[in-house]
Every structure is written in C-alpha cells, then in structure tokens.
Amino acid sequence: MSLLTKTMMSEKSGSQDLLLCRECGGRCCQGSPGIWVDPERFFTLFFSGQHLTLEQLRERLPELGLVLWEKTGVPIPAPGSLVNGCAFLGIEGCRFAVSERPCQCLALVPKQETLNQQQGCLCQIPEEFSREVARQRWQDYWQTV
Ligand code: SF4
Ligand code: SF4
C-alpha cells in the first residue's frame, strides 16, 4: 500500500499520526475492516437517510460491496473482506471518501506501540466506537424498524 491508512482514514489526524501511519503502511486495513457504529450515519451516507429493514438492507448491501457482520447476534454493516484485509483497500489507500468511511476507521487512534512490533495493530478504538457499543446501537435500531 503506497498511501497511508490514516491519511485515508481521517482528515483530522495530527501530523504525528500521519507519520505513524505512513511508516506503518496500514496494518489496520490489512486486518479486519472497521464497522459503522452509528445506524443514523450509515443510512444517511448510503440511503439518503431512508431507514431500511434488515431484509431490505440484505438485498441492497451487495451492490455497495458491503456485508453484514452477524457474529455478535446483531447484524452490523461493514466493508467486505478479502484474504489480505479490507476489500476497500486500494493501491492509493481507502476507496471510500473520508466522510463515508466506517465510524471505527475514523475513530482509530494510532499508537507508536504498533510500530514497535513486527506485525499486528495495537492502535486503539475509543470505547464509544467499540464493537459492544455498535452492537447495542444496531440492536436498538433493528427494534425500531
Ligand atoms: S495500524 Fe495504526 S499506525 Fe498503522 S495505519 Fe492503522 S491507525 Fe495508523
Ligand atoms: S474502509 Fe477504508 S479505512 Fe476502513 S478498513 Fe477499509 S480501507 Fe481501511
């Protein structure tokens, strides 16, 4: 990957973050993609604010290259995955516009510790963007449609 994940991930990154991500080369994107934690944001971005049912969303996601993660028991939309990481990771970085990227991708906080080891990502997702919070928010959403 030639462009750095944090460049792809956040316009509000500080220069130190950008340097870290440039050096890293995007291990986060090469692992598991981030997810959209906030249902309102997700439907605003991809469906003009229209609230879809689960069945409707299942039908529409493939055309967007997205999938539903259901391991937690609550369906949560995410980018598709390939063997080498996120399906939206291209040569120039993330193929989503910054404003469209999954909440977790935008929230990830780069950590020097990631660079201090040979592989893997030790960068941190703030608690409000955790998978558990996402699970709760999507569970609440699915109960309203
Ligand atoms: S793994 Fe961490 S340091 Fe590397 S690109 Fe992603 S956020 Fe930046
Ligand atoms: S959506 Fe973009 S920023 Fe998020 S994991 Fe995929 S390539 Fe990386």
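Leaving aside its neighbours within four places in sequence, with which residues is Phe43 in contact? The model examined here is predicted. In this model, Phe43 is in contact with Gly49, Gln50, His51 and Leu52. Phe43 itself is found in helix H4. Its burial can be judged by counting neighbours. A residue with 20 or more other C-beta atoms within 10 Å is buried, and one with 12 or fewer is exposed. Phe43 has 19 C-beta neighbours inside 10 Å, so Phe43 counts as partly exposed.

Helix H8 comprises residues 131-142. Its 12 residues, at 1.5 Å a residue, should span 16 Å. Which residues of H8 are buried? They are Ala134, Arg137 and Trp138. These residues cover an arc of only 95° around the axis, and therefore lie on the same side of H8. A general rule of helix geometry applies here. An α-helix has 3.6 residues a turn, so residues three or four places apart point the same way. The face of H8 turned away from the buried side carries exposed residues, Glu132 and Asp140.

Strand E2 (residues 76-79) pairs with strand E1 (residues 66-69). The pairing is antiparallel and runs over four bridges. Within it, Leu66 stands opposite Pro79, and Leu68 stands opposite Pro77. E1 and E2 form a hairpin, with six residues between the two strands. Gly73 lies in the turn and has a positive phi of about 95°.

The shell around ligand 2 holds 15 residues. Cys29, Cys86, Leu89, Cys94 and Cys105 come nearest to the ligand. By type, the shell divides into 12 nonpolar residues, two polar and one charged. Which helix gives the most to this shell? Helix H1 (residues 5-9) does, with three residues.

Terms used
Residues are numbered from 1 along each chain as its sequence is written. Chains are lettered from A and ligands numbered from 1 in the order in which they are written. This is a predicted model: local features need pLDDT of at least 70, side-chain atom pairs count only at pLDDT 80 or more; totals for chains, interfaces and linings use all residues. Two strands pair if DSSP finds at least two bridges between them. A residue is near a molecule or strand if its C-beta atom, placed from the backbone, lies within 6 Å of it. Ala, Val, Leu, Ile, Met, Phe, Trp, Tyr, Cys and Pro count as nonpolar, Asp, Glu, Lys and Arg as charged, and the others, Gly among them, as polar. The expected span of a helix is 1.5 Å times one less than its number of residues. The arc is that of the directions from the helix axis to the C-beta atoms. Two residues are in contact if their C-beta atoms, placed from the backbone, lie within 7 Å.
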